[in-house]
Amino acid sequence: MRRIGYILLYVCLSLVALFQIFPILWLFMFSLKTNQEIFAGNPFAFPTDPKWENYLKVFDGGIGTYFWNSIWITVVATVLTILVASMATFAITRMKWKLSGLVLGLIMVGLMIPIHSALIPLYNMFLNANLIDNPLSIVITYVTYNLPITVMILLGFYTTIPREIEEAAIIDGSSIHRLFFRIILPISAPIMSTTVIINMIYNWNEFVFVNTFISSDKYKTLTVGIQNFIGQYMTDWGAIGATLVISVLPIIIAFLFFSDKIMEGITASAVKG
Amino acid sequence: MGLCDMNKVMSNKWIIFLYTFPALLLIVVLIVIPLILSGYFGLMDWDGIGAMEFIGLNNYIAALQDSKFWESTLHSFLLALFSAISLIGYLAVALILASKIKGANLLRKIYLIPMLLSSVAIAQLWIKIYNPSNGMLNSILMWFGIDNPPAWLADPSIVLYAIFIPIIWQYAGFYILIYYAALKNIPESLIEAAKIDGATPLQIALKIKVPLIMNVFKVTIVLSIVGSLKYFDLIYVMTSGGPNGASEVMASYMYKLAFSSYNFGYGSAIGFLLLIITLIVTVIIQKLTASKDEIQY
Amino acid sequence: MKLKKAITIMVVFLVSVVILAACGGDDEDKESESASGAKTVKFMHLWPEGSSAQHHKVVNEIIADFEKENPDIKIDLEVLSNEQYKDKIKVLSTSDELPDVGMTWAAGYMEPYVKGNMYAPLDDIVESDLSDSFVSGTTEAFSVDDTTYGLPLELNISTIFYNKKIFDEYGLEEPQTLDELKEIVTTLNENGVNPIALGNRDAWTGSMWYMYLANRLGGDEDVLTKAIEREGSFEDPALVQAADEVQKLVNEDSFVQGFNGLADEEAKSMFMGEQAAMYLIATWDLPNFTTNEDIPQEFRDSVGYFKFPSVDGMGDTNSYVGGPGVGLFVSENSDVKEEAKAFTSYFVQQWGERAVTDVGIIPATKVNVDSLDLPQMYVDVLNDLNSATNITLYADVQMSADVAQVHLDMIQALFGGEITPEEFAKTQEDALAAE
């Protein structure tokens, strides 16, 4: 009886897995097809004559710079977001002060703002600060707009940290900074890995801000590069597919790495606890 | 050294300032100020070009009488409802993955893959799935002998629900990941103790694990509802809110007004109302989910 | 203590990065101005290399030539795709930061910019450098109150393209009347072939069908244009009847399934994938049916076209829906307005012939094509264009952005059978009257 239950469970899980892995496979096949095959052909069919030149076309389009920009902007913004968010979350949840609720509320308002409402005021501010067409405008916008969600995710974890850990540390004479950097941050490694993954994905795939604030090719990112293939008269779907595949690879690698970190972090904190 | 000392250390004003200042500075400058500005633009008759004219609350009054605005608001709320309900499913998946079954590690990675794709990629995928004549979905339906499968994105009575599916699916990985991390954080000793007491895996899940991550679950409810109310991406790429507004949501309506119809003042007013509505909903959720045994700190 | 320092340093670092970057931005600006006294003209266009390779290449060649001839002017280029271009221009205009030269659409699109004093009048160029070089009627679409604010680059008419192979297979001929077209639809449907590809998610495609029917039913009078210009009513019997004809076409399954959910791009791909026999589109797509090497030769050879048929013996088939596509504007507040104008003028002059030979589209400037080796279909279209009795500008371009949105929504609702022809007409009449 129990056995049948397990088999059923695995059948279900595998079916879902199949469904979830399908997009990547589909995207890959898509990137090797011609426009005709994509629209007229059987959607499940393999490309009859794989068009590897779609990839060449993409690399000819000067994707190298875009690629590098995507990487450094994503990394810098993610690191800054998590540091700033962790500090704020620590102060809000673990320290005692009257205005903590208000500050948290303010941060939460950031969750609610529709991007297109903020776009024009933001552009104007960056223009006055001389930050238009400067990658810094992108980095600080990413940090700010990902802060609320990062804080929210960390919040659930920080509230569950046992009081005793802090007490022990303080009684041992450690400073707050030491407590935060040496104890709180390490034990929050698993949840931090989660926020790293989420931040990475958001920053990597973000489009509207880059398109609006950046005009030089040398600062543009990969998502804007993809738009290069969507045209007024003719859209080259195969090349779009190829760009999408290229753009998703680094994020998959990073994801697999941090995904394991979630596990490691837990083992580490378990040893300490 | 005593608790008194502890309190003193943990309420050091300078440190609190140091730790919250960077976040506050960024939020106030890049979110709160633009927000106030957008509310201010809402008081203007402005096409986004040249001079603006102050017209008081007219835009806001017009919005409240605008049936299209209310329709898109209803759509946004429906999306929020479905998103919130789907959380239960994601929690169930996370519970299975976090329990010690064989292959959980691999399955978890596979499950999260769609989350990595950009909205452009997801939109392309689902446009191909929904294509009425040679899309994957209708190919399968016809294979099962259904002769006249619907045109998913063209039928005004279906399109809204058809487009909800990819939106909700898009975030599956996100929530599973959060639940998974929270579940993995539960001390092993608690679960072992329950096992010794003879609890079944289901009992452990419902009586121990779920209550322990309730805080996280509440946060995700807020995230999913707030996220849904201001949702924009896939709607814009897949249907542009059409046909004839059948899949319009608040954010896409606001975008259309401000960026396509050159009604920037009115669009800003809608954007500001969106924020107010979201704010009210969030406060209500907070009140509803606030439990008596709130973890104290 | 060390950690406390570290944190303080971090915060100082964060703040200083912001300040430094602000100064850095200043430096860059100075640099670009001081470089050997050269002036920089910022130019934005919407033909990215990935999707409009030929357009992109010709633009770059023209820029290179211009810079060679004018060593003291540098062109600073930004290329965006269509939607992104529109969005960005919108944001830039709110801060009065339009590029020195950019692309614009005619009539309803450009009007707010002209009224907001964003576009510079270009009459001086039209009357001097470019006198008598535009096809008549094209600059008018870019004029407000008799002043020209944009220089058109393309001229399009819409025709129905069809797949000769499919037509031959079922013994079909090019239709002269709407009834003949309907018979073709019936035959194709009986044989399980999609008759007409239509991507009405971008409702301007459906609008072209409606406009043609209105044009034919309205006879010599351009009732639609009159209604939009408020010299007539949208509830004119011809305009209501045209809406009724649209619904009849829909009811006879003339269009591919689910057209209201398809983008034009998808419909086009269906036609090009030989999944549908006909496709109404403007001549900007000519390269795809003639010279574009990315499309299989076999398909390009099998494409023909015919004029939109007459309806019940009414209408002149030499009357077209079409008009100029994009044009160039010069920013009124540009610091380098004279240089920008010089570039614009140069660009338009150079664009004409290269657009014909290298891109394969029809420019808005007069070009002597006799000496050029051109595809037959291109020559035929050009001849039709030259003998056109009337070109009605796309309704959504004629209308102000506000009303255009109502029009497009109503087109979707009409094609989707959600409203009656009378409601269709009344809603638009109300919107036009409310302006």
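**View 1. Y262(B) sits in the loop that runs between α14 (250-260) and α15 (264-289) of chain B.** The model is predicted, with local features needing pLDDT of at least 70 and side-chain atom pairs counting only at pLDDT 80 or more, while totals for chains, interfaces and linings use all residues. Residues are numbered from 1 along each chain as its sequence is written, and chains are lettered from A and ligands numbered from 1 in the order in which they are written. Most residues other than glycine have a negative phi. Y262(B) is not a glycine, yet its phi is positive, about 55°. With 25 other C-beta atoms within 10 Å, Y262(B) is buried. A residue counts as buried with 20 or more other C-beta atoms within 10 Å of its own, as exposed with 12 or fewer, and as partly exposed in between, with C-beta atoms placed from the backbone.

**View 2. D145(C) is found in the loop between β4 (143-144) and β5 (147-148) of chain C.** D145(C), which is not a glycine, has a positive phi of about 50°. D145(C) is exposed, with 6 other C-beta atoms within 10 Å.

**View 3. S174(A) belongs to the loop between α8 (163-171) and α9 (176-187) of chain A.** S174(A) is partly exposed and has 17 other C-beta atoms within 10 Å. Apart from neighbours within four places in sequence, S174(A) is in contact with A169(A) and L179(A). Contact means that the C-beta atoms of two residues, placed from the backbone, lie within 7 Å.

**View 4. Helix α1 of chain A covers residues 2-30.** At 1.5 Å a residue, its 29 residues should span 42 Å, and the end C-alpha atoms are 42 Å apart, which agrees. The expected span is 1.5 Å times one less than the number of residues. α1(A) bends by about 35° at F22(A), and the proline P23(A) follows within four residues. The bend is the angle between axes fitted to the seven residues ending at a residue and the seven starting there. The buried residues of α1(A) are Q20(A), P23(A), I24(A), L27(A) and F30(A).

**View 5. α7(A) has a kink of about 40° at L147(A).** The kink comes shortly before the proline P148(A). α7(A) has 24 residues and reaches 32 Å from first to last C-alpha, close to the 34 Å expected at 1.5 Å a residue. In α7(A), 24 of 24 residues are buried.

**View 6. The largest nonpolar core has 304 residues.** Such a core is a set of buried Ala, Val, Leu, Ile, Met, Phe, Trp, Tyr and Cys residues joined through C-beta atoms within 7 Å. A94(B), I176(B), Y179(B), I270(B) and L239(C) touch the most other members. Helix α7 (residues 135-158) of chain A gives the largest share of this core, 16 residues. Both domain 1 (38-154 + 325-367) and domain 2 (157-322 + 385-434) of chain C give residues to this core, so it lies between them. These domain bounds come from an automatic or database domain assignment. Not counting residues up to four places away in sequence, I270(B) touches A63(B), F69(B), M250(B), Y253(B), M254(B) and L257(B).

Notes
Helix = DSSP H or I, 4+ residues; strand = E, 2+ residues; numbered from the N terminus.
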